[in-house]
Every structure is written in structure tokens, then in C-alpha cells.
Amino acid sequence: MESLYTRKHMAWLNQYAGMHYGERYLQERWSKFLPTEFFKYVAQLSKLSIHAFDEACTNKRALDLGCNVGGVTFNLAAKFDEVIGLDCSEGFIEVCEELKENGKATIYPCEEGDLDTEMMAEIPDSMDRSRCSFILGDAHALPSDIGKFGCVVVSCLLDRLENPMKMLKSLPDLVDDKGICVVSDPYTFLEAFTPKENWLGGYLNKDGKEVKASNTMKQVMSDKMELIQIEEMPFMIQDQARVCQLAVSEVQVWKKKTCIEQGN
Ligand SMILES: C[S@@+](CC[C@H](N)C(=O)[O-])C[C@H]1O[C@@H](n2cnc3c(N)ncnc32)[C@H](O)[C@@H]1O
């Protein structure tokens, strides 16, 4: 378990924990300035994934890639028998494990400078936490025995990967027959995370045409999967009590084609 000192000083961890578990805290601070949709991203994305799942799919396992502090992972346990959250950050996975064990964890949203406040991240008792497990790992190179899933969620991960195309191409094989893959991303490709030659969009190609990540995704995914839903979902991340980031993710929901539909 991390010491209090470490947890308090992990700015990213506390910002994401606020986004995943601090809906009420954020509403109190920001609702006079922002529509409530901005505080509900984790709940809304989880709900959308559960609703989009086709009961005809017999695989009731779900995977949350880049799970961060696990908000979506725990929510998916309302529907799926087994949910795996995977993230490459030890600090995030430690928080997930603490939440799984105790149902709660203290987080420290930054107020101003070195000043912070205390907030309790809590998983409702109605949620079966025992269905969730967490893996410290790399989404580019998943464990070979991870198996297939009825639902794979990839939220705000693509634009944080070194090689998003490699990960994208691996998705259809992770999804079982009639299963779904929910990819949500604001497409903020930055060289700090992704070398420019690996960006899915946000540049002009050699013919001078605009390449957009939304279209690249459709080209790559449509071989083995069918696009069944597309929408926009806003979210906010509070940096400090008076500073926040606002974004709007595009959510694409893909359903696995049968072998016949794939032309095999
Ligand atoms: C922008 S956050 C999004 C987190 C969460 N899915 C959400 O929507 O709030 C990206 C997450 O992906 C994780 N991540 C980045 N690269 C990764 C990789 N190669 N494999 C697994 N996780 C990764 C980060 O540690 C971080 O938790």
C-alpha cells in the first residue's frame, strides 16, 4: 500500500479519481458553470456499454483497457460475471486493488498549489467487487492467456499509446461472437505520447488530404466488426479547484461480425 505522502502527491491519480468517483464533489464545485453531463462520463460510458451489449452473446466477460482507477471496471460488474481492468501504471492499479478490497479509498483533489482536500472514493455495496480483477500490463502486448470477451471498453487510451494502430488491430480478436467493443476517445494525439508517424489522425496525408482519427478507426475496424452506434460524450478533469480540462470524446460501438459476415 502506498504511503499517504505518495498518494497525496500523485496529481494525475487524484485528478482521475475525482473524475471516476467524484461526481458529487465535482457537481458541488462546478455545476453553476457546466452542464451536468460533464461530471457523468464514467457512469454514462458504463451504462452505454451495458445497454449496447447484445444478450445473444454468451460470453459474459468484460475488459476495460487502460482502466486507470477502475470506475468503469467496477460499473461493468453490474452486468458482466467477470471484469478485468488493465493498466500500465502501478499507482492506478494499487488504487483499484484497494477499492476492490475495502470498497473505498481516500483521494486528495488539489485545491490550490500545495493545498488539497480529502474525498472518499466509494464503490456502492450493491456492486459485486469480487467479479473484478486488475492486471498491471501493456495494452500493446496483452497476456497471451487473457482470452476473449463479450465487451471490451477502450476509453481515452488510444491517444495515450505509442502505437494506437497496433492496439486497434488487436481489438477484434479479443471480442467473442456477437460481442462488442466500445472505443471512446477525444483524439488528442500528442508527440509526448505517440510519435507523429503513429498518429491515427490530425494531419495532412501526402496528397494534402486531412486524415481524421474517427475515419481511420472506421477503416481499420470495419473488416471484422460492424459500427452499431456512434455518439459524443463530454467529460471534465479538475486540475485544481479553479482549473479544469473539458473534452468531448467520440464513442464508437463496434459489434463482432460472424465468420460469414466477415466473408470467411
Ligand atoms: C487518459 S487515461 C484514461 C483512463 C480511463 N480509461 C478513463 O477513461 O478515464 C489513460 C490510461 O491509460 C493508461 N495507459 C497508457 N498507456 C498504456 C498502455 N500501453 N497499456 C495500458 N495502459 C496504458 C494510463 O496509465 C491511464 O490510466
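These legends describe close-up views of one predicted model. Residue numbers start from 1 along each chain, in the order its sequence is written. In this predicted model, local features need pLDDT of at least 70 and side-chain atom pairs count only at pLDDT 80 or more, while totals for chains, interfaces and linings use all residues.

**View 1. Seven strands form an open, mixed sheet.** The order is β7-β2-β1-β8-β9-β13-β12. Strands (E, at least two residues) and helices (H or I, at least four residues) are DSSP runs, numbered from the N terminus. Two strands pair if DSSP finds at least two bridges between them. β7 (132-136) and β12 (225-240) are the edge strands, and each pairs on one side only. From one strand to the next, the twist averages 15°. Axes here are lines fitted to C-alpha atoms, for helices over the stretch in contact, and angles run from 0 to 180 degrees between N-to-C directions.

**View 2. Strand β9 (residues 175-185) pairs with β8 and with β13.** β8 (residues 149-155) runs parallel to β9, with six bridges between them. Here V152 stands opposite C181. β13 (residues 243-256) runs antiparallel to β9, and six bridges join this pair too. V182 faces V253 of β13. Is β9 mostly covered or uncovered? It is mostly covered: eight of its 11 residues are buried. Buried means that 20 or more other C-beta atoms lie within 10 Å of a residue's own; exposed means 12 or fewer, and partly exposed lies in between, with C-beta atoms placed from the backbone.

**View 3. A hairpin joins β12 to β13.** The strands run antiparallel and share 14 bridges.

**View 4. The largest nonpolar core has 66 residues.** Such a core is a set of buried Ala, Val, Leu, Ile, Met, Phe, Trp, Tyr and Cys residues joined through C-beta atoms within 7 Å. C151, V152 and C181 touch the most other members. Beyond residues up to four places away in sequence, C181 touches V152, L171, V175, M225 and W254. Contact means that the C-beta atoms of two residues, placed from the backbone, lie within 7 Å.

**View 5. Helix α6 (residues 90-102) lies across β2 (82-87) and β7.** The helix runs at about 160° to β7.

**View 6. The ligand is surrounded by 18 residues.** G66, N68, C88, A139 and S155 are the closest. A residue counts as near if its C-beta atom, placed from the backbone, lies within 6 Å of the molecule. α2 (11-21) and β2 each supply at least two residues of this shell. The shell holds 10 nonpolar, five polar and three charged residues. Ala, Val, Leu, Ile, Met, Phe, Trp, Tyr, Cys and Pro count as nonpolar; Asp, Glu, Lys and Arg count as charged; the others, Gly among them, count as polar.

**View 7. C156 and Y187 each have a positive phi of about 55°.** Neither is a glycine. Most residues other than glycine have a negative phi. C156 sits in the loop between β8 and α7 (164-174). C156 counts as buried because it has 22 C-beta neighbours inside 10 Å. Y187 sits in the loop between β9 and β10 (203-204). Y187 is buried because 20 other C-beta atoms lie within 10 Å.

**View 8. E122 lies in strand β6 (residues 119-122).** Why does E122 count as partly exposed? Because it has 13 C-beta neighbours inside 10 Å. Setting aside neighbours within four places in sequence, E122 contacts Y21, G103 and K104.
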